[in-house]
Amino acid sequence: MTVTDELITSESFDRLLAEAKALSRREEGREITLKCEPAEIVRLAGVFRDDPELRFSFLSDIVYVDHYGQPGNGARFELIYRAYNLDDYRRIHIRVPVPDGQSVDSVAGIWPAANWYEREAFDLMGFRFANHPDPRRILLPSAFAGHPLRKDFPIGGEEVQFSVNWGEIEPQETMLDQCFEGMTWKEYVERGDDIETEAGASPLRKWAEEDRMIINMGPQHPSTHGVLRLALALEGETVLDAACDIGFLHTGIEKSAEQLMFQQALTLTDRMDYAGPLGDNLAYVLSVEKLLGIEVPPRAQALRVMLAELTRIASHLLFLGTHALELGAVSVFLYCFQDREQILDIFELASGVRLMTSYINIGGLRDDIPEGFSAKVREFLEYLPPKLVEYHALLTRNPIWLERTRGVGVISVEDGIRMGVSGANIRGSGLKWDVRKAWPYSGYENYDFEIPTGSNGDVYDRYLVRMEEMRQSLRIVRQALDNLPGGDYRISDYKIVLPPRDRLAVSMEAVIHHFLVASRGFDVPAGDAYVSTESARGEMGFHVVSHGGPKPWRMKMRPPSFATLQALPKMVTGGMLADVVATVGSIDIILGEVDR
Amino acid sequence: MPFDVTELVIAIVKALVVFVALLSIVPVLIWMERKVIADIQIRIGPNRAGPFGLLQPLADAIKLIFKENIITQGADKVVYFFAPAVSMVPAIITFAVVPFGDTAHILGRKVLLQVADVNIGILYILALSSLGVYGIVLAGWSSNNKYSLLGGVRSSAQMISYELPLGLALVGPVLLSGSLSLREMINAQGRAGVWFIVPQFLAFAVYLISGFAETNRAPFDLPEAEQELTAGYHTEYSSFRFALFYMAEYVNMVTVGAVATTIFLGGWRGPFGNIVILQPVWFLVKLFAILYFFIWVRGTLPRLRYDKLMKLGWKVLLPLALLNLMVTATVKALAPQSAIPIMSVLSLVLVAIGVIALTIISARSTRTPASGLREPSAEGAFYTWES
């Protein structure tokens, strides 16, 4: 709900703020949108965070959009700050139109989580943030030329050397040389991890100057969950300071999505959070459906919930296994993988694919569940609980496990909120915030389940919270299965979903619909939408911007791991080297999602 | 004693036999470890090379030997070169004093089934097993790799700390048997009619736990903690030099197991023990039982943290070993003749108390007090909630 379309400037600040406050007191003001000019954003953010009536202390994300060449927008760029009040679950969207070339004041002093969000906006779209504490690139190499998410950034077209055209095409190395300002590609590679020049480690420069040992964990380290690079300053085995270096897995998913039709971009979402692909499917699909203004049938809702919860269990099992592996309990790793296989079997049964299912589609599901699906899920519901008891017996009271996890990697609720930590990680600290309860989607309000919370915010509590979440997810799956409605598994608007296969043989209209949807897609009304969901890792959502037409103009995701990772240095500083491994495991990050 | 050429030949043959046997136990042990761990982890384990995958260690060894031997830039080449040998040699020669049988009569000669019956056997073992740490420290230091260095530092601290409880744990059996010779200690166990594990259970437990640390085995495998230090001190090693470290670890494991067998489990003694040919068999059976225990623990427990490991060594194991030594010495001084029965009773009481205490503790900690979460109440049931 928009307060007013009027721009908040220094003159209209007090008046419009009073309006916004008045609105936020009412029930329909749970979600409000403001427009603010760049010069006033820090002042506005400060008021919204600190005013006792507002208390928007959690910055969920900063969305950055390039409206290049689109009529009707005064400024070329737009920033959308999305902040939450986590006491009574209110949301605010602050939209800031930014003309080309203008710098914006950094809000990192108000919401520390903005540090990485703003670095990302600078890296990928070239926003300049005044007074930013750490203005470096974050996902792309520090010597990368240009900002690829700008609409005028040249894409593709580089010819590739093959044997037929070897002599005609510039060798790749020559092309690479042009990418690094002032040095050749070889020089760039060979300077190695010189602390003075390497982007990720430069916060640790002062330690290097004091002759402390700087150690690089990753990106090829066995336990950084993919390709995270951590630079640690050590005194003996005690961690003095830490810095994350990410982007090794950056594949430009957001840029790729802009080149694809809405239903095609869905397949990219699988590839982000590869441990919980259906959760990301769901988050994306919900945003697009909100833009389209469609409501999916109850059967699809229930199945979506069931699949999302199974995904959560699969992801938590993966967490448990790798976490235990990192603490040296190798066997648990294999047990968990065996259990996870059961869930992948269920996915395979439903969609034919084990991992990148793309099963949840815009408008419902890709296909109805096959025969035997319910029986298989029921079998799993019986299968898992004894296994969980076994894991509790192996780990929960194991003295070594307790020593390794209790009081390690602690983060308080306040720090977690400041850094944008969400999901099981912040619940482990004691904040009872779960998007499924706070802003229910897909009919989660109809299910009976608890939100487990810890109290210490250490590795052990995060572990216990996830263990319990698996049980709660089983509860939800059971309820969804028991009350599975009949009816259609998707909407019947064949301008959006493909007509049934058997209709193609008998209906010309179906053929036309099929052809149109498959070849040119469907138009999505102009506007933007964001739906937050609770993925296995925390608050996950897609901010989808459309300017009409079959392709998303901009798809900005809110990856929970990205925000959580930002808090990692705070968690590990002061601990031991071995605690770093335990902590990285316990926050359950997926680098595919962090780097996209 | 006049110099006897036959004695020399016998000694060489014995040394060779033990050397070869030790080196061939290692592949068997590796195979067994992989199979047992696979079984614990619900996998199949090696089953391609040879029947039941028995040739897998051999295939691995051949693969390793044919790999390129990489020397890192900036490595201290001489030290880097010799470190694997420094780690391997003490591991092998420690075995010289371990008896694997009584006296055999071959061609009218008495042959001790032991390479050398040294009358200070235990001191010899302790001295040599401390030397092994040099190989690891030097490897870690000379690799010019920070992870290796950390691994080397960890292992030196760990092995030196655990030497103490390990050595002190062995003093108890020495007091009971009145000898430092391993052969004499086996005989003492024969005379007493009870293995020293019974009167010296505490010492046995301390010895075994310290043994895990001495051999860098899980849960004390910090020097090579894969998830923390990539591969620790041998990160930069490849080819045969890596194989040497790998083998040294297993030989060490065999040695620790063999010493435990000899001192606490009656060595080669067993039913029909007077049949000489059976004695090495009994020895091997006991040895492999202990090795199985090593593997079992590895498949079950998570790894300790460095500082906790030190705490365990200095604040728990060392006092326990001292306590055991004190009690044993007191009993031995007051009742020299009936020391073993008295100690056996004491140790049984200790075990009983331990079992009861553990039961009470585990019953008490059903609730994890630090957090709002509770343990599962019944099989598969969702547990009750307190918010």
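This is a predicted model: local features need pLDDT of at least 70, side-chain atom pairs count only at pLDDT 80 or more; totals for chains, interfaces and linings use all residues.

Reply: Start with the patch on chain B. B:Phe3, B:Val5, B:Leu8, B:Val9, B:Ile12, B:Val13, B:Leu16, B:Val17, B:Phe19 and B:Val20 form a nonpolar patch on the surface.

Pick one member, B:Val9. B:Val9 sits in helix 1 of chain B, which covers residues 5–40. The relative accessible area of B:Val9 is 44%.

Now the chain around the patch. Chain B holds 12 helices and 2 strands. Read from the N terminus, its elements run α-α-α-β-β-α-α-α-α-α-α-α-α-α. Chain B has 387 residues, and 49% of them count as buried.

Follow helix 1 of chain B to the loop between helix 1 and helix 2 (56–65). B:Phe52 lies in that loop. Its phi is near 55 degrees, a positive value in a residue other than glycine. B:Phe52 is exposed, with a relative accessible area of 62%.

Chain A has a residue with a positive phi too. A:Ser442 is not a glycine, and its phi is about 50 degrees. A:Ser442 lies in the loop between helix 16 (435–438) and helix 17 (459–482) of chain A. Is A:Ser442 buried or exposed? With 7% relative accessibility, A:Ser442 counts as buried.

Next, charged pairs. Side chains of opposite charge can pair when their charged atoms come close. Across all chains, the whole structure has 42 salt bridges.

Take A:Asp100 and A:Arg150. They form a salt bridge, with the closest N and O atoms 3.9 Å apart. A:Asp100 is in the loop between strand 5 (90–98) and strand 6 (104–105) of chain A. A:Arg150 is in the loop between strand 7 (129–130) and helix 4 (172–177) of chain A. The pair therefore ties together parts that are 50 residues apart in sequence. A:Asp100 counts as partly exposed, at 46% relative accessibility. A:Arg150 counts as buried, at 18%.

Then take A:Lys570 and A:Asp415. Their salt bridge has its closest N and O atoms 3.9 Å apart. The pair links distant parts of the chain, 155 residues apart. A:Lys570 belongs to helix 20 (residues 568–572) of chain A, and A:Asp415 to helix 14 (residues 413–419) of chain A. A:Lys570 is partly exposed, with a relative accessible area of 46%. A:Asp415 counts as buried, at 17% relative accessibility.

Salt bridges that share partners join A:Glu309, A:Arg312, A:Arg427, A:Asp434, A:Arg436, A:Glu469 and A:Glu534.

Finish with two helices of chain A. Helix 11 spans residues 330–351, and helix 12 spans residues 373–396. Their axes come within 11 Å and cross at roughly 165 degrees. Angles over 145 degrees count as roughly antiparallel, so helix 11 and helix 12 of chain A are roughly antiparallel to each other. Helix 11 of chain A passes helix 12 of chain A in a left-handed crossing.

How values were computed
Residues are numbered from 1 along each chain as its sequence is written. Chains are lettered from A and ligands numbered from 1 in the order in which they are written. Side-chain values use heavy atoms; hydrogens and water are left out. Patches are made of residues with over 30% relative accessible area and no salt bridge: like charges are joined within 9 Å, nonpolar side chains (Val, Leu, Ile, Met, Phe, Trp, Tyr) within 5 Å. Accessible areas come from the Shrake-Rupley method with a 1.4 Å probe; for residues, only the protein chains shown count as cover. A salt bridge is a side-chain nitrogen of Lys or Arg within 4 Å of a carboxyl oxygen of Asp or Glu. Helices (H or I, at least four residues) and strands (E, at least two) are DSSP runs, numbered from the N terminus. Buried means under 20% relative accessible area, exposed over 50%, partly exposed in between (1.4 Å probe, protein chains only). Axes are lines fitted to C-alpha atoms, for helices over the stretch in contact, and angles run from 0 to 180 degrees between N-to-C directions. Angles under 35 degrees count as roughly parallel, over 145 as roughly antiparallel, 65 to 115 as roughly perpendicular and the rest as oblique. A crossing is left-handed if the near helix is turned anticlockwise from the far one by less than a right angle, and right-handed if clockwise.
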